[in-house]
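Subject: Structure for you to look at

Hello,

Here is the structure for your files, with notes on what was found in it. Please have the viewer open as you read.

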Amino acid sequence: MHDLQKGAAGFVVALAQNPLPINPTLQRVIDELYDLYSRRTSKSHGRFAVDEANYPAPIFLRAYLLDSDFGVLTSELMNTLRLQAQRKTNATGGHVFFAHFERDAKQYLLVAIVNDKLGATLTRDLSVQDVKHLDMDGFRFAGRINLTGWMEGDARYIGFLKGKGDVSEYFREFLGCDATILERQDTADLVSALKHFAEAQGMDPAAKDDFLGRAKSICERASKQKQELEFQALANELMPAHPDVLLEVLTDPDRGLNDRFVPHRGALSPLVKFKAKTSLWSVEFEREALSGGNILFDEEENTLTILNLPPELSQQLRAEREVDAQA
């Protein structure tokens, strides 16, 4: 843990001389920070910028992965953080916590800026005295680099707290993250997460139709109004009784969902429609047709049966059969 201090002349860095000893207390801090970061909304995701001269984080990481000198890595990253913070008028300092750890067989680098908080403690003689402690819940800036994903060529492997306004931009630039938002892809990723959630919750067909239909309406409304979709607001409207259950899926950093983007209307249709196309035919139908029994899917035979055909289609098919019979 190093310090980024803001003074009258700008930011200065105070480097710790040694890494923190790995013990149960430190493990608890890492676990708590990671879990708090995972649950936070307003995350954005991306990859390292191509311009490594101005955004050198990947250069430092490559060197670290070769020689494993964590002190050199974090000191170089601290200098980059100082330079980026210097460019933002409202940027603040704090204790900068770096952790390289493994979870679920993947390597991560977690960075968070944590400040002190004044509290009180009860002494052995039952008196009360002031005590400073790390404000774990109050951190505003944090980022996570999936080092394994980076080395394996994943599309997105960096996540950071987006926050409101442009103050957090210096933290994104410090990470060297290109978080260019692709609205169609971000919408498709959200659609996939919502469908997965509905399945995981074991919703019956009617409840699933209702849930995904309302999700589509909310996203379409944001698209028409050109408003960014916020996961907290989406969860509150979709699951007013238990929004945190949905938020746990939407904010999962391993999903890499970008919060706060304008949904792409064309990518929303899979919420309520199924469609497929081959060289000989195409089909498209509403989810309600499946749940309502107008279309039957036989999983074992891999076939669709369409019931209640419209009269005009039935007439065309009968006419075609008569022509074939006469031939």
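**Helix α1**

Helix α1 runs over residues 24-39 and has 16 residues; from its first C-alpha to its last it reaches 22 Å, close to the 22 Å expected at 1.5 Å a residue. That expected span is 1.5 Å times one less than the number of residues. Helices (H or I, at least four residues) and strands (E, at least two) are DSSP runs, numbered from the N terminus.

This is a predicted model, in which local features need pLDDT of at least 70 and side-chain atom pairs count only at pLDDT 80 or more, while totals for chains, interfaces and linings use all residues. Residues are numbered from 1 along each chain as its sequence is written, and side-chain values use heavy atoms, with hydrogens and water left out.

The buried residues of α1 are Leu26, Val29, Ile30, Leu33, Tyr34, Leu36, Tyr37 and Ser38. Buried means under 20% relative accessible area, exposed over 50%, and partly exposed in between (1.4 Å probe, protein chains only). The cover over these residues includes β3 (43-48), β4 (94-103), β5 (106-114), β8 (141-146) and β9 (158-161). At the start of α1, the backbone nitrogen of Thr25 has a side-chain oxygen of Asn23 within 3.1 Å. A polar contact here is a pair of N or O atoms within 3.5 Å; within protein, one must be able to donate a hydrogen and the other to accept it, and residues adjacent in sequence count only if both atoms are side-chain atoms.

**Helices α2 and α3**

How do α2 and α3 pack, and at what angle? Helix α2 (residues 57-67) and helix α3 (residues 70-86) meet at about 175°, and their axes are 9 Å apart. From α2, the contact (heavy atoms within 4.5 Å) uses Ala57, Phe60, Leu61 and Tyr64, and from α3 it uses Phe70, Leu73, Glu76, Leu77 and Thr80. These residues divide into 7 nonpolar, 1 polar and 1 charged.

Leu61, in helix α2, is buried with a relative accessible area of 1%. Not counting residues up to four places away in sequence, Leu61 touches Phe48, Leu73, Leu109, Ile145, Leu147 and Trp150. From Leu61 to Asp254 there are 193 residues in sequence and 20 Å in space, C-alpha to C-alpha.

Thr74 sits in helix α3 and is buried, at 3% relative accessible area. A polar atom of the Thr74 side chain lies 3.2 Å from the backbone oxygen of Gly71. Leaving aside neighbours within four places in sequence, Thr74 is in contact with His2 and Phe98.

**Two loop residues with positive phi**

Ser68 lies in the loop between α2 and α3. Its phi is near 60°, a positive value in a residue other than glycine, and at 55% relative accessibility Ser68 counts as exposed. Lys226, in the loop between α7 (205-224) and α8 (231-238), is not a glycine either and has a positive phi of about 55°. Lys226 is exposed, with a relative accessible area of 67%.

Is Glu173 buried or exposed? Glu173 belongs to helix α5 (residues 169-175), and at 17% relative accessibility it counts as buried. Apart from neighbours within four places in sequence, Glu173 is in contact with Tyr55 and Gln84.

Regards

Key: Axes fitted to C-alpha atoms, helices over the stretch in contact; angles between N-to-C directions. Nonpolar A, V, L, I, M, F, W, Y, C, P; charged D, E, K, R; others polar.
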